[in-house]
Amino acid sequence: MKSSRQKNPMKNKKYRLQILYEDHHILLADKPPGLIVHPKDSEHSATLLNLVRDHLRRTGAWDAEDPNAFRPIPCNRLDRFTSGIVIFAKTREAMRIMNRKLQQREVMKRYRCIVLGKPKPASGKLEHYLLKNRDGTHVTVQKHPVRGSQYACMEYRTISVQGGRSLLECRLITGRTHQLRAQLAAIGNPILGDMRYGNLQQNQRYGKHHQMLCACEVTFSFQTDTGVLESLRGKTFRTHWRLDLSF
């Protein structure tokens, strides 16, 4: 009897590291859809973190055998099937400063996504409260604060509309788990291909089995002292991955 479990078309895919920027302290990786950022206990496949560490080991930028050496880590995360920019700290000082800048919202992140329908209005701000389930794998969207919920805010604008689908550009003002996916679904415009918050019937219709979402741009709009990250001040980096409505 054949299993009815859906196969992951990217399960056995081989990935290569794409670097958008690198200096002594920071590396910006361009993550493809399907590649997880950080290893999970239940999974031993390739990860973006392993690709980055292998690169740093080969180039001599990191001595994996030195127990006192800082182990490079991601400063932000993307869901497995979200493509785009992930920031890696190569030094302890870079990690400390970058985490502070992210908390102070001095790193501006833009996303592009394809949603079902046409948002009304075409541009706007979404404000909700997100409540995680017990294991943190799903969030529910609330209009008003409830116990345990977190404030979530984002801006969006419609770039183009075609055949009942819209291409949006979004800017996260807060960074919450599944924020874009959950908030857009809550206003009736779920991301195409989203198997958790989306419309399964429409996903099947278009043959999309993972969310059409990309972390397309990062701008380091530092307002205060940056220390070893001063070279990033005012710079913008864009992903090579593209989303469009031509399908």
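Which residues of H2 are buried? The points below answer this and then turn to other parts of the model.

1. **Basis of the note.** This is a predicted model, in which local features need pLDDT of at least 70 and side-chain atom pairs count only at pLDDT 80 or more, whereas totals for chains, interfaces and linings use all residues. Residues are numbered from 1 along each chain as its sequence is written, and side-chain values use heavy atoms, with hydrogens and water left out.

2. **Helix H2.** The buried residues of H2 are Ala94, Ile97, Met98, Lys101 and Leu102. They lie on the same side of H2, because they cover an arc of only 135 degrees around the axis. Here, buried means under 20% relative accessible area, exposed means over 50%, and partly exposed lies in between (1.4 Å probe, protein chains only). The arc is that of the directions from the helix axis to the C-beta atoms. Helices (H or I, at least four residues) and strands (E, at least two) are DSSP runs, numbered from the N terminus. As a general rule, an α-helix has 3.6 residues a turn, so residues three or four places apart point the same way.

3. **Surroundings and length of H2.** The buried residues of H2 pack against strand S2 (26-31), S4, S5 and S10; contact means heavy atoms within 4.5 Å. On the other side of H2, Arg92 and Gln103 are exposed. H2 has twelve residues and spans 17 Å from its first C-alpha to its last, close to the 16 Å expected at 1.5 Å a residue. That expected span is 1.5 Å times one less than the number of residues in the helix. Arg105, which follows H2, has a positive phi near 60 degrees.

4. **Glu106.** Glu106 is found in the loop between helix H2 (92-103) and S5. With 7% relative accessibility, Glu106 counts as buried. Leaving aside residues up to four places away in sequence, Glu106 touches Lys101, Thr219, Phe220, Ser221, Phe222, Gln223 and Thr224. Of these, Lys101 is one of the buried residues of H2.

5. **Helix H3.** Six of the eight residues of helix H3 (residues 179-186) are buried, so H3 is largely enclosed by the rest of the structure. These buried residues are Gln179, Leu180, Arg181, Ala182, Gln183 and Leu184. What covers them includes strand S5 (107-116), strand S6 (123-132), strand S7 (139-142), strand S8 (150-162), strand S9 (165-172) and strand S10 (213-220). Just after H3, Gly188 takes a positive phi of about 90 degrees.

6. **Asn76 in the S3–S4 loop.** Asn76 is in the loop between strand S3 (73-74) and strand S4 (83-89), and Asn76 is buried, with a relative accessible area of 8%. Not counting residues up to four places away in sequence, Asn76 touches Ile85, Val86 and Ile87. The side chain of Asn76 reaches the backbone oxygen of Ile85 at 3.3 Å and the backbone nitrogen of Ile87 at 2.7 Å. Asn76 and Phe88 are twelve residues apart along the chain, and their C-alpha atoms are separated by 7.8 Å.

7. **Arg80 in the S3–S4 loop.** Arg80 is also found in the loop between S3 and S4. Arg80 is partly exposed, with a relative accessible area of 24%. The C-alpha atoms of Arg80 and Lys31 are separated by 9.2 Å, although these residues are 49 residues apart along the chain.

8. **Aromatic pairs.** A search of the whole structure finds five aromatic pairs. Rings of Phe, Tyr and Trp (its six-membered ring) pair if their centres lie within 6.5 Å; planes under 30 degrees apart count as stacked, over 60 as edge-to-face and the rest as tilted. The rings of Tyr206 and Phe247 have their centres 6.1 Å apart and their planes at 85 degrees, so this pair is edge-to-face. The pair links distant parts of the chain, with Tyr206 in helix H4 (residues 200-206) and Phe247 in the segment after strand S11 (236-238), 41 residues apart. The rings of Phe220 and Phe222 have their centres 5.7 Å apart and their planes at 50 degrees, so that pair is tilted. Tyr21, Phe220, Phe222 and Phe237 form one aromatic cluster.

9. **Charges over Phe247.** The charged end of Arg165 sits over the ring of Phe247, 4.4 Å from its centre, and that of Lys208 sits over the ring of Phe247, 4.5 Å from its centre. A charge sits over a ring if NZ of Lys or CZ of Arg is within 6 Å of the ring centre and within 35 degrees of the ring normal.

Methods
Polar contact = N/O pair within 3.5 Å; in protein donor to acceptor, adjacent residues only side chain to side chain.
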